[in-house]
Amino acid sequence: GVLRLASNVLKGKLWDGTSGNSSGGGGGGGCNVGAGTATSGGGGAAGMPMILFCKRLNNRGTISSTGGIGAAAVATGDGKAGGGGGGAGGFLAIFTEEIISLGTISVLGGAGGVGIGGGTAGTNGTKGTCLIFTPSGTLIL
């Protein structure tokens with residue numbers, strides 16, 4: 001369970017060579033236009049990959065790499081449009097010798113956007129991966 005190459009962290013690779021959840025942007029919603037107009041919601045952006053190095057982790061606030069929220073659809077008349085999908089949560093790696101306080105750490109996916117006129121809402125983005133490396137082992141959140 002020891003990290004051997006920091007470059008693997010940049011690629012989202014865990015110590016056993018498997019991949020952590022990678023980030024991806026949400027997809028745009030679909031449209032079905034009759035006599036009205038419709039614009040589907042755009043997808044949310046993915047959370048950014050982050051690497052933090054600190055001697056002591058004393059987080060009294062929030063460290064986050066969350067996905068963006070999908071945009072809501074708009075329509076007039078009998079137009080139907082789907083909301084955009086939420087972006088996936090990011091990849092966060094923290095290297096520290098000591099954990100004093102974790103505080104709040106979030107790699108959640110973004111919420112899907114609202115559909116309109118019978119169009120479906122976008123799906124929520126998937127949770128990302130957070131790894132905390134300490135001399136005594138690795139914590140996966």
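Me: Does methionine 48 count as buried or exposed?

Reply: This is a predicted model, in which local features need pLDDT of at least 70 and side-chain atom pairs count only at pLDDT 80 or more, while totals for chains, interfaces and linings use all residues. Residues are numbered from 1 along each chain as its sequence is written, and side-chain values use heavy atoms, with hydrogens and water left out. Methionine 48 lies in the loop between strand S2 (37-39) and strand S3, strands being DSSP runs of E of at least two residues and helices runs of H or I of at least four, numbered from the N terminus. On a scale where buried is under 20% relative accessible area, exposed is over 50% and partly exposed is in between (1.4 Å probe, protein chains only), the 58% relative accessibility of methionine 48 makes it exposed.

Me: Which residues is methionine 48 in contact with, leaving aside its neighbours within four places in sequence?

Reply: Methionine 48 and phenylalanine 91 are 43 residues apart in sequence, yet their C-alpha atoms are 6.9 Å apart in space. With contact taken as heavy atoms within 4.5 Å, and with neighbours within four places left aside, methionine 48 is in contact with Ser65, Gly90 and Phe91.

Me: At what distance does the side chain of serine 65 reach the backbone oxygen of methionine 48?

Reply: Serine 65 is found in the loop between strand S4 (62-64) and strand S5 (74-76), where a relative accessibility of 3% makes it buried. Residues up to four places away in sequence aside, serine 65 touches a set of residues that includes Met48, Pro49, Gly90, Phe91 and Val107. The side chain of serine 65 reaches the backbone oxygen of methionine 48 at 2.3 Å.

Me: How many bridges join strand S7 to strand S9?

Reply: Two strands are paired if DSSP finds at least two bridges between them. Strand S3 (residues 50-58) runs parallel to strand S7 (residues 91-101), with 8 bridges joining them, and leucine 57 stands opposite isoleucine 99 of S7. Toward S9 (residues 129-134), phenylalanine 91 has threonine 129 as its bridge partner, and alanine 93 is partnered by leucine 131. S7 and S9 also run parallel, and the number of bridges joining them is 5.

Me: How many of the 6 residues of S9 are buried?

Reply: Cysteine 130 is buried, at 1% relative accessibility, and phenylalanine 133 is buried too, with a relative accessible area of 9%. S9 is largely enclosed by the rest of the structure, because the number of its 6 residues that are buried is 5.

Me: Which residues do ring pairs link into a cluster?

Reply: The structure holds 2 aromatic pairs, rings of Phe, Tyr and Trp (its six-membered ring) being paired if their centres lie within 6.5 Å, with planes under 30 degrees apart counted as stacked, over 60 as edge-to-face and the rest as tilted. Phenylalanine 53 and phenylalanine 95 are stacked, since their ring centres are 4.9 Å apart and their planes at 15°; with phenylalanine 53 in S3 and phenylalanine 95 in S7, the pair ties together parts that are 42 residues apart in sequence. Phenylalanine 95 and phenylalanine 133 are likewise stacked, with centres 4.7 Å apart and planes at 15°, and this pair links S7 to S9 across 38 residues. The cluster linked by ring pairs is therefore made of Phe53, Phe95 and Phe133.

Me: What is the relative accessible area of phenylalanine 53?

Reply: Phenylalanine 95 is buried, with a relative accessible area of 16%. Phenylalanine 53, in S3, is exposed, with a relative accessible area of 64%.

Me: How many disulfides does the structure hold?

Reply: Cysteine 54 is partly exposed, with a relative accessible area of 24%. A disulfide is taken here as a pair of cysteine sulfur atoms within 2.5 Å, and the number that the structure holds is 0.

Me: What share of the 141 residues in the protein is buried?

Reply: The secondary structure of the protein comes to 1 helix and 10 strands, running α-β-β-β-β-β-β-β-β-β-β from the N terminus on. Among contacts between residues at least 6 apart in sequence, 71% join residues at least 24 apart. The protein exposes about 7400 Å² (Shrake-Rupley method, 1.4 Å probe), with carbon and sulfur atoms supplying 55% of that area. Of the 141 residues, the buried share is 33%.

Key:
A polar contact is a pair of N or O atoms within 3.5 Å; within protein, one must be able to donate a hydrogen and the other to accept it, and residues adjacent in sequence count only if both atoms are side-chain atoms.
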